[in-house]
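Student: Could you walk me through how to read the salt bridges, the packing of helices and the nonpolar core in a model like this one?

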Amino acid sequence: MRDAGQPTFGRQSRAGLAAAFGIFLATLLGVSAAKAIEMSAEVANLYSSVSIYPPSANSMTVCYGFVCRRREILDFTAADRSAITQIMAAGRASAAAERTAVQKVVVWFDRRMGPILGTNKRVAKADFRYFDDKHNYDCWDTTRNTTSLLLVLREWGLLKHHAIGDPKYRGNTLVLQTPHNTAVLVDRATKIEWVVDLWPRGYLQPPDVMTVQKWVTED
């Protein structure tokens, strides 16, 4: 495990610039340009907007502390890869089974990082009102972390039935729906988009997995 250093902040004004910066950061990590290009501009912006490296097949930056103000590098060990591969093997039969396996990988990640970060004390739907950012993820952190996990699964060839979608956003003050965002999977066969949303769940609880169509109506 490596300290990712102090965050620096900045928002790119154009999606194209975000994608280019994501590719540049990936290249610094030794990831091939071809692999980096597979990342959409919207996904790349998750990383460039908080000045962190995109994930590689070997490591990812874990964000916590709200909007990635705190961060840690997770270097995947052989044991990590074996555990994740075993979990995903149970989901090869169908798209629904693969989504269930992804849920279990996110729980594995929560357990893996909880004692290291202190997020084993985290609560569901954490935000600044809890005054405990050092032990929690906000929805920006969970969106980045889950998207990174999905990218790693893809790099390892473990996603058979799904592609990685762009993050989705919701929020309608007119009906008192609070702003929120999430990572997304896209069913290759049906093209239906599915959220993988950890933020509404507490430590070691499976993330919400539902269609985007349903998720945008939730609160």
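Tutor: Gladly. Let's start with a term: a salt bridge here is a side-chain nitrogen of Lys or Arg within 4 Å of a carboxyl oxygen of Asp or Glu. Keep in mind that this is a predicted model.

Student: How many salt bridges does that rule give?

Tutor: The general idea is that side chains of opposite charge can pair when their charged atoms come close. By this rule, the count comes to eight salt bridges. In one of them, the side chains of Arg154 and Glu38 meet at 3.4 Å, N to O. Arg154 belongs to helix α6 and Glu38 to the loop between α2 and α3, so the pair ties together parts 116 residues apart in sequence. Arg154 is partly exposed at 24% relative accessibility, and Glu38 is partly exposed at 48%. A network of salt bridges links Glu38, Arg154 and Glu155.

Student: Which residue forms a salt bridge with Arg70?

Tutor: Asp133 does, with the closest N and O atoms 3.7 Å apart. Because Arg70 lies in strand β3 and Asp133 in the loop between α5 and α6, this pair ties together parts that are 63 residues apart in sequence.

Student: And Asp208, is that residue buried or exposed?

Tutor: Asp208 is buried, with a relative accessible area of 13%. Asp208 forms a salt bridge with Arg201, where the closest N and O atoms are 2.7 Å apart. Arg201, at 35%, counts as partly exposed.

Student: Now the helices. At what angle do the axes of α5 and α6 cross?

Tutor: Two packed helices are described by the angle between their axes and the distance between the axes. Here the axes of α5 and α6 cross at roughly 115° and come within 11 Å. The crossing is right-handed. From α5, the contact uses Val102, Val105, Val106 and Phe109, while α6 brings Asn145, Thr146, Leu149, Leu150 and Leu153. These residues divide into seven nonpolar, two polar and no charged.

Student: How many residues does the largest nonpolar core have?

Tutor: In soluble globular proteins, nonpolar side chains tend to be buried together. The largest nonpolar core has 39 residues, and those with the most contacts inside it include Val102, Phe109 and Leu153. Among the elements supplying at least two residues each are α3, β2, α5 and β6. The most comes from α5, with eight residues.

Student: What does Val102 touch?

Tutor: Leaving aside residues up to four places away in sequence, Val102 touches Met88, Leu150, Leu153, Leu159, Leu185 and Val196. There is also a second, separate core of six residues, including Val184, Met210, Val212 and Trp215.

Methods. Residues are numbered from 1 along each chain as its sequence is written. This is a predicted model: local features need pLDDT of at least 70, side-chain atom pairs count only at pLDDT 80 or more; totals for chains, interfaces and linings use all residues. Side-chain values use heavy atoms; hydrogens and water are left out. A nonpolar core is a set of buried Ala, Val, Leu, Ile, Met, Phe, Trp, Tyr and Cys residues joined through side-chain atoms within 4.5 Å. Buried means under 20% relative accessible area, exposed over 50%, partly exposed in between (1.4 Å probe, protein chains only). Helices (H or I, at least four residues) and strands (E, at least two) are DSSP runs, numbered from the N terminus. Contact means heavy atoms within 4.5 Å. Axes are lines fitted to C-alpha atoms, for helices over the stretch in contact, and angles run from 0 to 180 degrees between N-to-C directions. A crossing is left-handed if the near helix is turned anticlockwise from the far one by less than a right angle, and right-handed if clockwise. Ala, Val, Leu, Ile, Met, Phe, Trp, Tyr, Cys and Pro count as nonpolar, Asp, Glu, Lys and Arg as charged, and the others, Gly among them, as polar.
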